[in-house]
Amino acid sequence: VTIPEGKNLFEVAAILEQKKICSKDDFIKVSKDLTFTSSLGIPSHRLEGYLYPDTYGLTKGMPAKDVARVMVSNFNRQIKGLNFSSSPNNLNKHQIIILASIVEKETGAREERPIIAGVYHNRLERKMRLYSDPTTIYGIWENWKGNLKKRHLQEKTAYNTYRISGLPKGPIANPGIAAIKATINPKKHNFTYFV
């Protein structure tokens, strides 16, 4: 099964169910299980951001916990050797993964990721809000009908970066290595907006 970059845990769960690997509900449940998340060394309330996008050889009917373990283990392998301490704004590893997930959702173009990461780092440095539509959508994902409206941008959630300062509560998707690297080493510029 192939998990594309930028899919969130709900989308990953749907792909896994479609391929008859495990049930969508089971995968979502284990991804939100704080005890399980903690046992994997994830410093968050869910596995979002740590389910590495890749092609996996998984068995049909595999327990959801085993699938999650495989994906998180792959994440740890992929990031091994990255210097998370070199990120601007003194972001820790988890904060870098949060920001990388936003960068991943903002573009599918590999060459744009360092520029977009630079925009978000500039906003953080200037104490601006991130104003990211994908964060707002993630905050309402389970009730979202696919059309972002002004009222959604005004709704205060732990993910709505139109309403909160700084980073959202956690990652909003599962970034690939290019987005993570771009977030650690963004392009240096003075941009604070993009079109």
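By buried I mean under 20% relative accessible area, with exposed being over 50% and partly exposed in between, using a 1.4 Å probe and protein chains only. Helices here are DSSP runs of H or I with at least four residues, strands are E runs of at least two, and both are numbered from the N terminus.

Before going on, a word on the source: this is a predicted model, where local features need pLDDT of at least 70, side-chain atom pairs count only at pLDDT 80 or more, and totals for chains, interfaces and linings use all residues. Residues are numbered from 1 along each chain as its sequence is written, and side-chain values use heavy atoms, leaving out hydrogens and water.

Back to α1. The buried residues are L9, F10, E11, V12, A13, I15 and L16. What covers them? At the start of α1, a side-chain oxygen of N8 comes to within 2.9 Å of the backbone nitrogen of F10. And just after the helix, K20 has a positive phi of about 60°.

Now for packing. Two packed helices are described by the angle between their axes and the distance between the axes. The axes are lines fitted to C-alpha atoms, for helices over the stretch in contact, and the angles run from 0 to 180 degrees between N-to-C directions. Helix α1, residues 9-18, packs on helix α2, residues 24-31, at about 145°, with the axes 8 Å apart. On the α1 side we have L9, F10, V12, A13, A14, L16 and E17, and they meet K24, F27, I28 and S31 of α2. Contact, by the way, means heavy atoms within 4.5 Å.

Where do α5 and α9 come in? Helix α9 is residues 177-184, and its axis comes within 8 Å of that of α5, crossing at roughly 115°. That contact is made by I96, I97, L99, A100, V103 and E104 from α5, and A179, I180, T183 and I184 from α9.

Next, the core. The largest nonpolar core has 53 residues, and L16, F27, L58, V67, M71 and I180 have the most contacts inside it. A nonpolar core is a set of buried Ala, Val, Leu, Ile, Met, Phe, Trp, Tyr and Cys residues joined through side-chain atoms within 4.5 Å. Helices α1, α2, α4, α5, α6 and α9 each supply at least two residues of this core. Take M71: leaving aside neighbours within four places in sequence, M71 touches I3, V12, F27, Y50, L51, Y52 and Y56.

H94 sits in helix α5, residues 93-106. Buried or exposed? At 14% relative accessibility, H94 counts as buried. Beyond four places in sequence, H94 is in contact with P43, S44, Y50, K169, G170 and P171. Its C-alpha is 8.5 Å from that of I42, 52 residues away along the chain.

And then K156, in the loop between α8 and α9. K156 counts as exposed because its relative accessibility is 59%. Not counting residues up to four places away in sequence, K156 touches R163 and I164.

Technical notes: A polar contact is a pair of N or O atoms within 3.5 Å; within protein, one must be able to donate a hydrogen and the other to accept it, and residues adjacent in sequence count only if both atoms are side-chain atoms.
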